[in-house]
Amino acid sequence: MSRSSLAVIHHAVLSFLISLIILFALIIPGRANQKITACGHHDYAPWNWKSGDSIIGACAEITQELFRRVGVETDLKFVG
């Protein structure tokens with residue numbers, strides 16, 4: 001894998017994690033038990049990739065677990 005590819009992946013993961021932090025800052029207890037639709041690029045294994053009609057991978061699992069802990073269900077369906 002080239003340095004430029006690693007830089008793109010690093011940037012994508014960093015952007016994703018920053019987005020999660022912002023989302024958590026916006027969630028208040030009264031908003032728990034809701035469902036959100038998350039997105040991610042479908043071709044950055046092992047971070048994210050398409051499997052069937054869902055996005056799976058490390059970032060997807062982390063997203064689901066973090067939001068589960070605050071009572072928010074996530075939808076990670078691939079939509080194109």
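Predicted model: local features only at pLDDT ≥ 70, side-chain atom pairs only at ≥ 80, totals over all residues.
Modeller: Local features need pLDDT of at least 70, side-chain atom pairs count only at pLDDT 80 or more, and totals for chains, interfaces and linings use all residues. Numbering runs from 1 along each chain as its sequence is written, and side-chain values use heavy atoms, with hydrogens and water left out.

Colleague: Why is the contact of Lys 35 with Glu 73 called a salt bridge?

Modeller: The rule asks for a side-chain nitrogen of Lys or Arg within 4 Å of a carboxyl oxygen of Asp or Glu. The closest N and O atoms of Lys 35 and Glu 73 are 3.9 Å apart, so the pair meets the rule. The count by this rule is 3.

Colleague: What makes Lys 35 and Glu 73 a tie between parts of the chain?

Modeller: Lys 35 sits in strand β1 (residues 35-37) and Glu 73 in strand β5 (residues 73-75), so parts 38 residues apart in sequence are tied together. Strands here are DSSP runs of E, at least two residues; helices are runs of H or I, at least four; both are numbered from the N terminus.

Colleague: Why is Lys 35 called exposed?

Modeller: Exposed means over 50% relative accessible area, buried under 20%, partly exposed in between (1.4 Å probe, protein chains only). Lys 35 has 51%, so exposed. Glu 73 has 48%, so partly exposed.

Colleague: What makes Glu 65, Arg 68 and Arg 69 a network?

Modeller: Glu 65 bridges Arg 68 at 2.6 Å and Arg 69 at 2.7 Å. Salt bridges therefore link these residues.

Colleague: How do you know that Glu 65 and Arg 69 are about one turn apart?

Modeller: Both lie in helix α2, 4 residues apart.
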